[in-house]
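Subject: Structure for you to look at

Hello,

Here is the structure I said I would pass on. My notes follow it; please read them with the coordinates open.

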Amino acid sequence: MTEALLRINGLTLRRGSAAVLDEVSLTLLKGRTLGLVGESGAGKSTLAMAIIGLLMAPEVQLSGSMLYQGQQLVGLSDKRFSQLRGKKIGLIFQDATTSLDPCFTIGEQIIEPLRRHLGLKRDQALERAVELLDSVGIPDARSRLSAYPHQLSGGMQQRVMISIALACSPELLIADEPTSALDVTVQAQIMDLILQRVRATGASAVIVLHDLALTSQVCDDVAVMYAGQIVETGPAHLVLDQALHPYTTGLRSCVVEFDSSELVPLPGTVPSLNEMPSGCRFSSRCAYVQPKCLDARPPLEWVDGRWVACWQLAAIHPKATV
Ligand SMILES: Nc1ncnc2c1ncn2[C@@H]1O[C@H](COP(=O)(O)OP(=O)(O)OP(=O)(O)O)[C@@H](O)[C@H]1O
Ligand SMILES: [Mg+2]
């Protein structure tokens, strides 16, 4: 059995009275890639930011547990988090143009974590920076060290951010829509690059993705989020190709062939956080809703090789085995 790198259990994140994440539970196994999917506002970025300690009290209130190799991240101090970030956990955000500092050269920004976390001397760090830029396909890497971010294209900036994220060979990479700010022609290239680097270093990754087809291609596992909750999670091929939760099925049918007679687009929109139904949060949009769904929240249960939270599974999928 593969060991867990990150085990999240009952994680709730509140902004004021609104539970933006509501009892999120999921496991990231060592060496595996987990895709987070769900409509806009589902809480994907919030979860990614909470895992790396960029959302903490007093800005938000966190409860539940996030065990990273046995270390509890909920309530961890900012200082301890900043030791983890960059060294053990690398980050890639959607938009390199806002994440790279415009005032510092590319070289300065890559050598900073190498010096701080790995204790390299300046010369050693510079040599390593050249290797890193080279490994992410930046031509003429040495001369790029003195460039400022605005002197590079968006795709090149994203490559720089990837090289910074991977500079200290992190055990975990968190990437929030790492390619969606890029031209479609370079998206696949950059995603390949990220995965190639993750696999080459034996790291695990949590990747927020909008594209379900891409998710099933590049992720081992997937967690489907709806309104701050995980509704279905497990191996990507099972969850995405043989979806059990009506929300996952709905998301799938939004992307399958548009002339399909089985197409059942998701009706309605995600309720606002102040108007969440008290039972199943998906109940207001679900075609299978029953009174029980309005009363109580369905727990995640192990069904046909994945976890799924739905009271009506037996009615919708009579052959599914719990
Ligand atoms: N700074 C903030 N202040 C208040 N509410 C916020 C803030 N950031 C996000 N939210 C709310 O938290 C919820 C989750 O947002 P989040 O950005 O995590 O969703 P997401 O799944 O990443 O969406 P997207 O696909 O659009 O990036 C949303 O209801 C959003 O309105
Ligand atoms: Mg987001």
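Phe282 is buried, with a relative accessible area of 2%. Please keep in mind that this is a predicted model, and that the values below are computed from it.

Aromatic rings

I began with Phe282 because its relative accessible area of 2% is well under the 20% below which a residue counts as buried. Two rings pair with Phe282, and I take them in turn.

The structure has four aromatic pairs. Another of them is Tyr226 with Phe282, also edge-to-face, at 5.0 Å centre to centre and with an angle of 80° between the planes. Here too, distant parts of the chain are linked: Tyr226 lies in strand S9 (residues 221–226), while Phe282 is in the loop that runs between helix H11 (246–253) and helix H12 (291–295), 56 residues apart. Tyr226 has a relative accessible area of 1% and is therefore buried.

Taken together, Tyr226, Tyr247 and Phe282 make up one aromatic cluster.

A charge over a ring

Lys292 places its charged end over the ring of Trp311, at 4.0 Å from the ring centre.

Ligand 1

The shell around ligand 1 consists of 13 residues, of which Ser40, Gly41, Lys44, Ser45 and Thr46 are the closest. By class, three of the shell residues are nonpolar, six are polar and four are charged. Helix H1 (residues 44–51) contributes the most to this shell, with three residues.

Which atoms of Ala42, Gly43 and Thr46 come up to the oxygen atoms of ligand 1? For Ala42 it is a polar backbone atom, 3.2 Å from an oxygen atom of the ligand. Gly43 likewise uses the backbone, with an N or O atom 3.0 Å from a ligand oxygen. In Thr46 the atom is an N or O of the side chain, and the distance to an oxygen atom of ligand 1 is 2.4 Å. On its own, ligand 1 has 630 Å² of accessible area, and the protein covers 59% of this.

Regards

Methods
Residues numbered from 1 in each chain as written. Chains lettered and ligands numbered in written order. Predicted model: local features only at pLDDT ≥ 70, side-chain atom pairs only at ≥ 80, totals over all residues. Heavy atoms only, no water. Phe/Tyr/Trp six-rings, centres within 6.5 Å; stacked < 30°, edge-to-face > 60°. Helix = DSSP H or I, 4+ residues; strand = E, 2+ residues; numbered from the N terminus. Buried < 20%, exposed > 50% of the residue type's maximum accessible area, 1.4 Å probe, protein only. Lys NZ or Arg CZ within 6 Å of the ring centre and 35° of its normal. Near = heavy atom within 4 Å. Polar contact = N/O pair within 3.5 Å; in protein donor to acceptor, adjacent residues only side chain to side chain. Areas by Shrake-Rupley, 256 points an atom, 1.4 Å probe, with all protein chains shown as cover. Nonpolar A, V, L, I, M, F, W, Y, C, P; charged D, E, K, R; others polar.
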